Amino acid sequence: PPRRLVARGRWLAATAGEVHVGRVAVAAVARGTGAGAAVMRALEEVALAEHAAPAPDGRRAVRVLLSAQVQAIGFYERLGYAVSGPVYLDAGIDHRDAAKTLTTDA
């Protein structure tokens, strides 16, 4: 059977200690299967491995930022993202900012 892309995400920007994730999408047929969570976990693993900066407690940390479509806020909150700020339009769709800080073990 042919392979199909069911979920994807990408970096919009990355610096030491901070990454911006964007354009996370899951095909309708794959929603609710864990595909989106798997993409986010993979992006978070790379963020922590490649972009973490020293934290005051001796660990390494990276802050993951994203612009969440309002309809997907529950998804990001289940993954541990804190949603903040007002609703704003991006490409004609309502969004809110979301962030999560990842740290290495001490």
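## Exercises on a predicted model

Gly-17 sits in the loop that joins strand 1 (7–15) to strand 2. The model is predicted.

**Exercise 1. Outline the chain.**
Give the order of the elements from the N terminus on, then describe the chain as a whole.

*Solution.* 
- Step 1. Count the elements: two helices and six strands.
- Step 2. Read them from the N terminus: β-β-α-β-β-α-β-β.
- Step 3. Box the C-alpha atoms along the principal axes; the box is roughly 45 × 40 × 25 Å.
- Step 4. Take contacts with a separation of 6 or more; 54% of them link residues 24 or more positions apart.
- Step 5. Turn to burial and surface. Of the 106 residues, 32% are buried. The chain exposes about 6,800 Å², with 53% supplied by carbon and sulfur atoms.

**Exercise 2. Classify Lys-100.**
Is Lys-100 buried or exposed? Describe its setting too.

*Solution.* 
- Step 1. Locate Lys-100: it is in strand 6.
- Step 2. Apply the cut-off. Buried means under 20% relative accessible area. Lys-100 has 17% relative accessibility, so it counts as buried.
- Step 3. List the contacts of Lys-100, leaving out residues up to four places away in sequence: Glu-44, Val-62, Arg-63, Val-64, Leu-79, Gly-80 and Tyr-81.
- Step 4. Look at Leu-79 in particular. Its backbone oxygen is 2.6 Å from a polar side-chain atom of Lys-100.

**Exercise 3. Describe the largest pocket.**
Which element gives the most to the lining of the largest pocket?

*Solution.* 
- Step 1. Take the volume: about 770 Å³.
- Step 2. Count the lining: 31 residues, with Val-24, Ala-25, Gln-69, Ala-72 and Tyr-76 nearest the centre.
- Step 3. Assign elements. At least two lining residues come from each of strand 2 (18–26), helix 1 (35–51), strand 4 (60–69), helix 2 (73–78) and strand 6 (93–103).
- Step 4. Strand 2 gives the most, with seven residues.
- Step 5. Sort the lining by class: 16 nonpolar, 10 polar and five charged residues.

Terms used:
Residues numbered from 1 in each chain as written. Predicted model: local features only at pLDDT ≥ 70, side-chain atom pairs only at ≥ 80, totals over all residues. Heavy atoms only, no water. 1 Å grid on protein atoms, 1.4 Å probe; cavity = no way out; pocket = protein on both sides within 12 Å on 5 of 7 lines; lining within 4 Å. Points joined across faces, edges and corners; volume = space filled by probe spheres on them. Helix = DSSP H or I, 4+ residues; strand = E, 2+ residues; numbered from the N terminus. Nonpolar A, V, L, I, M, F, W, Y, C, P; charged D, E, K, R; others polar. Buried < 20%, exposed > 50% of the residue type's maximum accessible area, 1.4 Å probe, protein only. Polar contact = N/O pair within 3.5 Å; in protein donor to acceptor, adjacent residues only side chain to side chain. Contact = heavy atoms within 4.5 Å. Areas by Shrake-Rupley, 256 points an atom, 1.4 Å probe, with all protein chains shown as cover.
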